[in-house]
Amino acid sequence: MGGFLNRFFGRKKEESVTFRRERAAELHGMAIRYVTERIDGEDLVAGRGGCLSVRNGELILLSSEKILFRANVDMLDASRLMSGDGVVLTAPNLEEDGKMRTYTAHFVYHRK
């Protein structure tokens, strides 16, 4: 029944390339307050300030004046935080030869 309703109301599967591209486009230009990375069950601050950008099919996370994370949009899992003030990004990091990374980018306060 749920699958029928999702198709009827036009909801896209989060695993689809179309959904991933649309989510990346929504994140383009978002200002970042700080970025954390979970290592051994502990959230560590990986950078402060910055933004998210989409270029040439890649999502780029800039923070602390450097590229922390660069990933192919088609392979990116981007899940918004329930509070709406951030996003969890998981994908192979092209800056580290494809090592799987998960970063949480917390947005600068804004209203949409």
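Two strands are taken as paired if DSSP finds at least two bridges between them; helices (H or I, at least four residues) and strands (E, at least two) are DSSP runs, numbered from the N terminus. The model is predicted: local features need pLDDT of at least 70, side-chain atom pairs count only at pLDDT 80 or more, and totals for chains, interfaces and linings use all residues. Residues are numbered from 1 along each chain as its sequence is written, and side-chain values use heavy atoms, with hydrogens and water left out.

**View 1. The open sheet of 5 strands.** The strand order is β2-β1-β8-β7-β6, with antiparallel pairing. Strands β2 (42-48) and β6 (77-80) form the edges, each pairing on one side only.

**View 2. Pairing of β1 with β2.** Strand β1 (residues 32-39) runs antiparallel to β2 and is joined to it by 6 bridges. Arg 38 has Asp 43 in β2 as its bridge partner.

**View 3. Arg 20 in helix α2.**

**View 4. Asp 40 in the loop between β1 and β2.** Asp 40 has a positive phi of about 50° although it is not a glycine. With a relative accessible area of 79%, Asp 40 is exposed (over 50%).

Definitions and conventions
Buried < 20%, exposed > 50% of the residue type's maximum accessible area, 1.4 Å probe, protein only.
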